[in-house]
Amino acid sequence: MHTADCQHDDHEHPGLSGRALDRALTLAERRCAETAERLTAPRRRVLELLLGADQPLKAYDLIAAFGEAGEPAKPPTVYRALDFLERQGFAHRIESLNAFVPCRLDGENHSAAFLICSCCGTAEEFEPDLSAGLAAAQAKGYEVAAVTLEARGLCPACRAA
Ligand SMILES: [Zn+2]
Ligand SMILES: [Zn+2]
Ligand SMILES: [Zn+2]
C-alpha cells in the first residue's frame, strides 16, 4: 500500500494482523465498556481497518473496504464511526493528508504528533513535548484544547535507500 513513487523496500509495516489485531480490538472494547460507550459493529470495523493498514486511510478508502464481502458502506456510517473513534482517542485525523490513523499510544485525548514520509506515505505517531509552546500560549492568555503536529520528511527506510 505504498504510494506509487516510492521505490524503497525494506519498510517496517506498522499495520496489525492476526492476534495483535484481535488484541487491539479487545482492548478498545474494554476501554469503551469502562466509559459506558459502545464499540458498535461499524465502529469496530472502521477501527479494524485503520489498525490493519500500513498507512493513513482516507474516508473513501474506508467506505470502499468496509464490507467484509467487498460491498461498500454507506458514507454516513463511516463518517459517524470516525467521529466516534476520534472523540474517544482511538484514532486521529491527519489534517494535511485528510486521512486517519489509529492511535498508537493508547492515551485518551492526548496531543498528537506525526512524522509523515513524503515518499512512502507512512505516518508515525509520537508524543510531542509541547510544554514550551503551551506555556507561551498560556502567557498570551490562550486556553489550548488540542494540538496536532504534522512533520514532513523522509522515513528511515526511504532515507537509507
Ligand atoms: Zn520511499
Ligand atoms: Zn494518539
Ligand atoms: Zn518512507
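**Zinc ligand 3 and its surroundings**

Tutor: In this predicted model, the donors of the zinc ion (ligand 3) are spaced C-x2-C-x34-C-x2-C along the chain. Cys 120, in the loop between β3 (112-117) and β4 (123-126), and Cys 158, in helix α6 (residues 156-160), are 38 residues apart.

Student: What makes Cys 117, Cys 120, Cys 155 and Cys 158 donors of that zinc?

Tutor: Their SG atoms lie 2.3 to 2.4 Å from the zinc ion (ligand 3), and the cut-off is 2.8 Å, so they count.

Student: Why is the arrangement called tetrahedral?

Tutor: The angles between the four donor atoms run from 105 to 117°. The rule asks for all angles between 85 and 135 degrees, so tetrahedral it is.

Student: What does Cys 158 bridge?

Tutor: Cys 158 bridges the zinc ion (ligand 3) and the zinc ion (ligand 1), which lie 4.2 Å apart.

Student: How do you know that Cys 120 and Cys 158 are buried?

Tutor: Buried means under 20% relative accessible area. Cys 120 has 0% and Cys 158 has 4%, so both count as buried.

Student: What makes His 92 and Glu 125 a polar contact?

Tutor: Their side chains come to 3.0 Å, and the limit for such N or O pairs is 3.5 Å.

Terms used:
Residues numbered from 1 in each chain as written. Chains lettered and ligands numbered in written order. Predicted model: local features only at pLDDT ≥ 70, side-chain atom pairs only at ≥ 80, totals over all residues. Heavy atoms only, no water. Polar contact = N/O pair within 3.5 Å; in protein donor to acceptor, adjacent residues only side chain to side chain. Donors = N, O, S within 2.8 Å, 3.2 Å for Na, K, Ca; no water. Tetrahedral: all angles 85-135°; square planar, octahedral: opposite > 155°, others 65-115°. Helix = DSSP H or I, 4+ residues; strand = E, 2+ residues; numbered from the N terminus. Buried < 20%, exposed > 50% of the residue type's maximum accessible area, 1.4 Å probe, protein only.
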